Amino acid sequence: MLTLIDAEAGERPLEAWRDAGRLLVDADALERVTGWVLKPEGLCRDDVCVPVRERRTLVAVDGKTTRIDLGAFAGALGRLSVVDADEGVAALGAPAAERASSRAGGRAPDFDLPDLDGGSLRLSSIGRKKKLL
């Protein structure tokens, strides 16, 4: 079992198979979780289709079951990903267009981080008058 952390869909359990360092998920299950379906023209969701140039790196067919390489899936959609096949965890970042629009303003998106006292620190609480590293 895999824990998929998706910036769009949240955290979901998903059955997965390890294959030579790749993490494969059932194409139908991935569609249920993300809305993306593999078609002859590429990966499609609603009226948007993204062509897949290297289909053999994305798809693994085992008998009648089509499985999708989660890392290749993220790459085809221009999404950042982290896949740890040994731990059964994968994270998919926000779509490229969303990341680009947040960078266009020159400001980091607001986020929380744990502080040393066990609380949390929100970026917006620091203020925007100084550059931060």
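Mentor: Accessible areas here come from the Shrake-Rupley method with a 1.4 Å probe, and for residues only the protein chains shown count as cover. The model is predicted: local features need pLDDT of at least 70 and side-chain atom pairs pLDDT 80 or more, while totals for chains, interfaces and linings use all residues. Residues are numbered from 1 along each chain as its sequence is written, and side-chain values use heavy atoms, without hydrogens and water.

Trainee: What share of the accessible surface of the chain belongs to carbon and sulfur atoms?
Mentor: The total for the chain is about 9000 Å². The part that belongs to carbon and sulfur atoms is 52%.

Trainee: How many of the residues, in percent, count as buried?
Mentor: Buried means under 20% relative accessible area, exposed over 50%, and partly exposed in between (1.4 Å probe, protein chains only). The chain has 133 residues, and the buried share of them is 28%.

Trainee: Which residue of β4 is the bridge partner of A16?
Mentor: β3 and β4 run antiparallel and are joined by 4 bridges. In β4, A16 has as its bridge partner V25.

Trainee: Is A20 buried or exposed?
Mentor: A20 is in the loop between β3 (16–19) and β4 (22–26). Its C-alpha atom is separated by 9.4 Å from that of A85, 65 residues apart along the chain. Because the relative accessibility of A20 is 81%, this residue counts as exposed.

Trainee: Which cysteines form a disulfide?
Mentor: A disulfide is a pair of cysteine sulfur atoms within 2.5 Å, and by this rule the count is 1. With sulfur atoms 2.0 Å apart, the pair is C44 and C49.

Trainee: What is the phi of D46, which is not a glycine?
Mentor: D46 is in the loop between β6 (42–45) and β7 (48–50), and it is exposed because its relative accessible area is 75%. Most residues other than glycine have a negative phi. For D46, phi is positive, at about 55°.

Trainee: Which side chain has a polar contact with the side chain of R79?
Mentor: R79 is in the loop between α3 (70–76) and β10 (81–84), and it is buried because its relative accessible area is 6%. A polar contact is a pair of N or O atoms within 3.5 Å; within protein, one must be able to donate a hydrogen and the other to accept it, and residues adjacent in sequence count only if both atoms are side-chain atoms. At 3.3 Å, the side-chain partner of R79 is E8.

Trainee: Which residue has its backbone oxygen 2.7 Å from the side chain of R79?
Mentor: On the R79 side, a polar atom of the side chain takes part. The backbone oxygen at 2.7 Å from that atom belongs to G93.

How values were computed
Helices (H or I, at least four residues) and strands (E, at least two) are DSSP runs, numbered from the N terminus. Two strands pair if DSSP finds at least two bridges between them.
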